[in-house]
Amino acid sequence: MQKANAPLFNDPIHNGAADPTVIYNEETGTHYMFYTSRRADAEEEGVMWVHGSDIGIAESLDNGNSWHYIGICQGLSYENGRNTYWAPEILRYENLYHMYVSYVPGIPSGWKHPRYILHYTSENLIDWRFESKLNLSSEKVIDACVFRMPDGIFRMWYKDEAHDSHTYYADSPDLYSWTVKGCAIDDTAHEGVNVFEFCGKYWLITDCWSGLDVYYSDDLTNWKKQKERILDKGGIRKDDGVIANHADVAVNDDKAYIFYFTHPERKGNMLDDTIAAERRTSVQVAELEIKNGKLICDRNKDISVKL
């Protein structure tokens, strides 16, 4: 049995791969991982190192057990100059790939700046065409997640920082026009929402900066919170001894794999932006399971990924 690498992937350009999401490339017959390519090695003022980021791409030739870097997304330029792209969400619908990516103008040294979600389309997952800037619940929105409802409507969940960093949601009949419906999760501040179906139930996870909170639902609208978090304690694998951040879940038949990133050198729950060593990140993968009706994750278990 081929075992998944641990760490699963490190960005060879800036060593700052974050916010991973995976998708099957119908054209190449391989799997692609898209991620925020943070500039962890940048010696610049404040938090400029988390800005000015491209969307990196890695490819797996073995169903997700190992990955190699193949470049960055092309065609994302939205305004003149160097700008910031974070946390891509990508899905395929009617022979076209759709990306919803967080966008920050410029390379700010602080956090007080507008943030938007931009929509792009592609036929090959490399070259992207701008479609629109989404009109959502505020101008401080990031971290889109899109899931198709049983009735065919697409639903997007995202973080709204102007509304206490809670998760809001919007619906669309066609992936182009979106109508904001309201707040989905408001019990605590969080980011990096991800929604998936597994073992007959809908699940929603968020990055609460102390591991991942878990919610479940029967209708994708009313959510109940699981008492236990997942990936809130460090593991034993290389670069996996700290809490997990901003995850994506891929489900294949009866298996669910969670792709997340870590800051291997950081000691506490929150990142100290002044310590350069703590900026480095690694992408990891683990398997999700259901036990006594609860979503659990043993990050120390050796697994063979089969996307």
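Colour the protein chain by secondary structure: the count is 0 helices and 20 strands, where helices (H or I, at least four residues) and strands (E, at least two) are DSSP runs numbered from the N terminus. The model is predicted, so local features need pLDDT of at least 70 and side-chain atom pairs count only at pLDDT 80 or more, while totals for chains, interfaces and linings use all residues. Residues are numbered from 1 along each chain as its sequence is written, and side-chain values use heavy atoms, without hydrogens and water.

Stay with the whole chain. The C-alpha atoms fill a box of roughly 50 × 45 × 40 Å along the principal axes. Of the 307 residues, 58% are buried (under 20% relative accessible area, 1.4 Å probe, protein chains only). The chain exposes about 12900 Å², with carbon and sulfur atoms supplying 44% of that area (Shrake-Rupley method, 1.4 Å probe).

The open sheet has 4 strands in the order 9-10-11-12, with antiparallel pairing; two strands pair if DSSP finds at least two bridges between them. Neighbouring strands here are turned by 25° against each other on average, direction ignored (axes are lines fitted to C-alpha atoms, and angles run from 0 to 180 degrees between N-to-C directions).

Finish on Y168: its bridge partner in strand 12 is C183.

Methods
Buried means under 20% relative accessible area, exposed over 50%, partly exposed in between (1.4 Å probe, protein chains only).
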